[in-house]
Amino acid sequence: MKIKTSAIVLAAGRGSRMKTDVHKQFLLLGGKPILYYCLKTFEDSFIDEIVLVTGEGEIAYCHREIIEKYDFHKVKQIVAGGEERYHSVYLGLQAISECDYVFIHDGARPFITEEILERGYETVQRENACVIGMPVKDTIKLADESGYTVDTPRRDLLWMIQTPQIFSFDLVKRAYGDFLKKEKKIAEEGIQITDDAMVVEHFTNTSVKLVEGSYRNIKITTPEDLAIADIFLKNL
């Protein structure tokens, strides 16, 4: 039986740090929306289907100006996102009827490559949960609430986490369901869920494997990131 793979691409963010009225995933990079590039990589890869999660008011725009304009046949659904990133992920998971493995990716990361997808796919079939990332280059300091350093973790054990984050579909869907049942309690305890791996780490017994991505697999969040992305694009 053929293994089915799905991708959830998150494009519901407002991008306030970009200091523009246009949401960052729709800003132009090399004459095309930032969102175009990761969708193109998934479209040309082994991934079977894509669910795009965007703002409720942007669904028609995405259909017309991205999916139809660039002929993305693998985008099977466009769904409205939620209040927080993790709500959007869960809504994306709900839109998938069945699959074996799901790749969860930020639409503002345009430089994902098929080589990275292949490494992640090979790993998730062994481990059931893995995330793309890279070892940090800088020394990292742990600070207290007053801005004083309290610890310096070993740099050789630190990774900066990227996307996609890749999981057995049943595993991550079950973990998200358990998390959202306890969402209020988790918030009251001061736990901030910032990525999908944290959900799996907190609500399953599955360890999450780190997989090397690329230092170019940046998330475009600020105007400086967009300038760097333009340089990367010109050197592809």
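The following legends describe close-up views of a predicted model.

Figure 1. Seven strands form an open sheet with mixed pairing, in the order S5-S4-S1-S6-S10-S7-S11. Its edge strands are S5 (75–80) and S11 (209–212), each of which pairs on one side only. On average, neighbouring strands of this sheet are turned by 25° against each other, direction ignored. Helix H3 packs on the sheet and touches S1, S4, S5, S6 and S10. The direction of H3 makes about 145° with that of S1.

**Figure 2. Pairing of strands S4 and S5.** Strand S4 (residues 49–54) is joined to S5 by five bridges, in the parallel sense. Within this pair, Val 51 has Gln 77 of S5 as its bridge partner. S5 is one of the edge strands of the sheet.

**Figure 3. Strand S6 between its two partners.** Strand S1 (residues 5–11) and S6 run parallel and are joined by six bridges. Here Phe 103 in S6 is the bridge partner of Ala 7. With S10, S6 pairs in the antiparallel sense over four bridges, and Ile 104 stands opposite Gln 165 of S10. In general, strands of a sheet pair through backbone hydrogen bonds, either parallel or antiparallel.

**Figure 4. The two covered faces of strand S6.** Six of the six residues of S6 are buried, and the strand is described as mostly covered. In a regular strand, the side chains alternate between the two faces of the sheet. On one side of S6 are Tyr 101, Phe 103 and His 105, and on the other are Val 102, Ile 104 and Asp 106. Both of these faces are covered, with the residues on either side all buried.

Figure 5. Helix H7 (residues 196–203) is largely enclosed by the rest of the structure, because six of its eight residues are buried. The buried positions are Asp 196, Ala 197, Met 198, Val 199, Val 200 and Phe 203. H7 lies across S6, S7 and S10, and runs at about 65° to S10.

**Figure 6. The crossing of helices H5 and H7.** Two packed helices are described by the angle between their axes and the distance between the axes. For H5 and H7, the axes come within 9 Å and cross at roughly 80°. H5 is therefore roughly perpendicular to H7, as angles of 65 to 115 degrees are counted in this way. From H5, the residues in the contact are Leu 171, Val 172, Ala 175, Tyr 176, Asp 178 and Phe 179; from H7, they are Asp 196, Val 199, Val 200 and Phe 203. By class, this contact has eight nonpolar residues, two charged residues and no polar ones.

Figure 7. The peptide bond from Thr 163 to Pro 164 is cis, and its omega is near 10°. Pro 164 is placed in strand S10, which pairs with S6 in the antiparallel sense.

**Figure 8. Two positive phi angles in loops.** Asp 71 is not a glycine, although its phi is positive at about 60°. Asp 71 belongs to the loop between helix H2 (59–68) and S5. With a relative accessible area of 46%, Asp 71 is partly exposed. Asn 128, likewise not a glycine, has a positive phi of about 75°. Asn 128 is found in the loop between helix H4 (114–127) and S7. Its relative accessibility of 34% makes Asn 128 partly exposed.

Figure 9. Glu 98 is located in the loop between H3 and S6. At 56% relative accessibility, Glu 98 counts as exposed, because the cut-off for that class is over 50%. The C-alpha atoms of Glu 98 and Ser 6 are 8.9 Å apart in space, although the two residues are 92 residues apart in sequence.

**Figure 10. The covered helix H1.** Nine of the ten residues of helix H1 (residues 34–43) are buried, and the helix is described as mostly covered. Its buried residues are Ile 34, Leu 35, Tyr 36, Tyr 37, Cys 38, Leu 39, Thr 41, Phe 42 and Glu 43.

Notes. Residues are numbered from 1 along each chain as its sequence is written. This is a predicted model: local features need pLDDT of at least 70, side-chain atom pairs count only at pLDDT 80 or more; totals for chains, interfaces and linings use all residues. Side-chain values use heavy atoms; hydrogens and water are left out. Buried means under 20% relative accessible area, exposed over 50%, partly exposed in between (1.4 Å probe, protein chains only). Two strands pair if DSSP finds at least two bridges between them. Axes are lines fitted to C-alpha atoms, for helices over the stretch in contact, and angles run from 0 to 180 degrees between N-to-C directions. Contact means heavy atoms within 4.5 Å. Angles under 35 degrees count as roughly parallel, over 145 as roughly antiparallel, 65 to 115 as roughly perpendicular and the rest as oblique. Ala, Val, Leu, Ile, Met, Phe, Trp, Tyr, Cys and Pro count as nonpolar, Asp, Glu, Lys and Arg as charged, and the others, Gly among them, as polar.
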